[in-house]
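Here's a quick tour of a protein, going from the overall build down to a few aromatic side chains. Have a look at the fold before reading on.

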Amino acid sequence: REALQKAETLLRSIRYPDSVSFSTLIHGWSKTRLPEAGFRAQGLYNEMLELPPSRQRRNFNITTVCNSVISAYARSGEQVAPKRVESLMAQLEGKFLSGDTNACPDKTTFLCVFDAYAKAGIPDAEDRCDVLLNRMLHYKEVFHLDGLQPDRAVYNAYLNALGKSLQPTAVEKAEEILTMMETSPDPQLRPDIVTYSTFIDCLTKCGERSDERAEELLRFVEGSFRCGDESLKPNAVFYSAILQAWAKTGTIVGAKKAEELLRRNIALFEGGKDYAKPNVIVYNAVMDALARSGMEDGGRRAEELLDEMESLYQAGDGDLRPSRRSFNAVMLAYRKEGNASRRAEELLYRMERLAATGRNEVRPNVVSYNTVIGAIVEDRHNMECVEDRAQAMLDRMEEHGVRADGRTYSMIIQAWLRRNDEKGHALAEAMLARFMDKVKESEAKKRNYKNDSLYEDAVWDVINSFREGPNNNNDSMS
């Protein structure tokens, strides 16, 4: 952000900046994931379009710059991104239809719009992707733009947007797309490893049970690769998708299958099969499976994997550098055990110590602190001073600059209510007041967080129960 702001200051110091000057800075914003990147890139883009002809480079490709702006919005993941990118695309189409051949939407334009739908997680992704696909076909047929023939990359992007929509109806559409690709005589449409990885991810995110279909595809992909199909060479992303399907079952069977696949792939890698090398996302998926399984020693087994990762990373394997998600998965495993809140706390302190040495990738976030608070509140074996420990953890997260959310406050309120005395009710009231201040702040700033738990139904169940009567102790939050 700071570098781009300095670059923009430099741009303003140029007496007569031209289209290249603006496009360079726009491209820079498109490579970030900053929430304001799309707005900043579009502002520069609008200025560039207003430049006099003498400062527009001859045959300057407007499409390339517009694609960068659309990409900036897509990578931001902001909820407003889909509408913004659709507007930009319509503007580009208007220029093209008015005769500007340097403003013709290309395949990258459409792929960036698909990506914006995916990263924003819009629930109506299927309808909007269908419209987008039809526009591609229309341009191809009417203007004879062969470069807009939908291919494997386009349908992979479509599948990704379907998966991120989290809609159960997306599964049927995903199956329809995969069947079309598998049966197509066009080699440019045949599925590759990205297709199957994205498809399995869609099933896991949108379907009720995806593990059986995932296992079927695991056998098919590995079998096809052994028979010589290099396009189906498995990789870490594919294996992670399989593991997440097993994790979603929330069963001990699923967790054990995940562990077995990890050990099998380690053995394959050590035997010379480079494609089977596990990386951090594979280990994270296995630890997630252990956490969700609720097995008695899930926390210990997950922490052993975390320690294994750290040891291999310290020995020089950069692919196994533990991430925040790695630690969060282990702490969740301890939380699920219902009696290991102290172990979860120790892991959080370990994260803070590592972050203090410069390991920012493991700096605790709101999920980290909420997981530990949940472990404290739900611990059946360490029930002394639960409310004080939970409150102390809230104070600690705020000291570390982490913004508490709705889940945080609902768990703290529950903890104080369980005291069932005057002090507990008074402090629960104080927490409720702080929560409502956060809601007002959010509304005043017109925040539009995709996953803002200030507005989750489960959070408001707790809040409304307390409002109706402090003696209504709601233990439903998890």
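How many helices and how many strands does the protein have? The count is 22 helices and 0 strands. Keep in mind that this is a predicted model.

On overall dimensions, a compact globule of 478 residues would have a radius of gyration near 23 Å, and the protein comes in at 25 Å, which agrees. Along the principal axes, the C-alpha atoms fill a box of roughly 75 × 60 × 45 Å.

What about packing and surface? Of the 478 residues, 51% are buried. If you take contacts between residues at least 6 apart in sequence, 68% of them join residues at least 24 apart. The accessible surface comes to about 22,700 Å², and carbon and sulfur atoms account for 49% of that. As for charge, there are 66 positive and 74 negative ones, and their mean positions sit 4 Å apart.

Now for the rings. Searching the whole structure turns up 9 aromatic pairs. One of them is Phe96 with Phe143, an edge-to-face pair with 5.2 Å centre to centre and 70° between the planes. This pair links distant parts of the chain, with its two members 47 residues apart. Here's how the two partners sit:

Note on methods:
Residues numbered from 1 in each chain as written. Predicted model: local features only at pLDDT ≥ 70, side-chain atom pairs only at ≥ 80, totals over all residues. Heavy atoms only, no water. Helix = DSSP H or I, 4+ residues; strand = E, 2+ residues; numbered from the N terminus. Rg over C-alpha atoms; globule rule 2.2 N^0.38 Å. Buried < 20%, exposed > 50% of the residue type's maximum accessible area, 1.4 Å probe, protein only. Contact = heavy atoms within 4.5 Å. Areas by Shrake-Rupley, 256 points an atom, 1.4 Å probe, with all protein chains shown as cover. Lys, Arg positive; Asp, Glu negative; His and termini not counted. Charge placed at Lys NZ, Arg CZ, Asp CG, Glu CD. Phe/Tyr/Trp six-rings, centres within 6.5 Å; stacked < 30°, edge-to-face > 60°.
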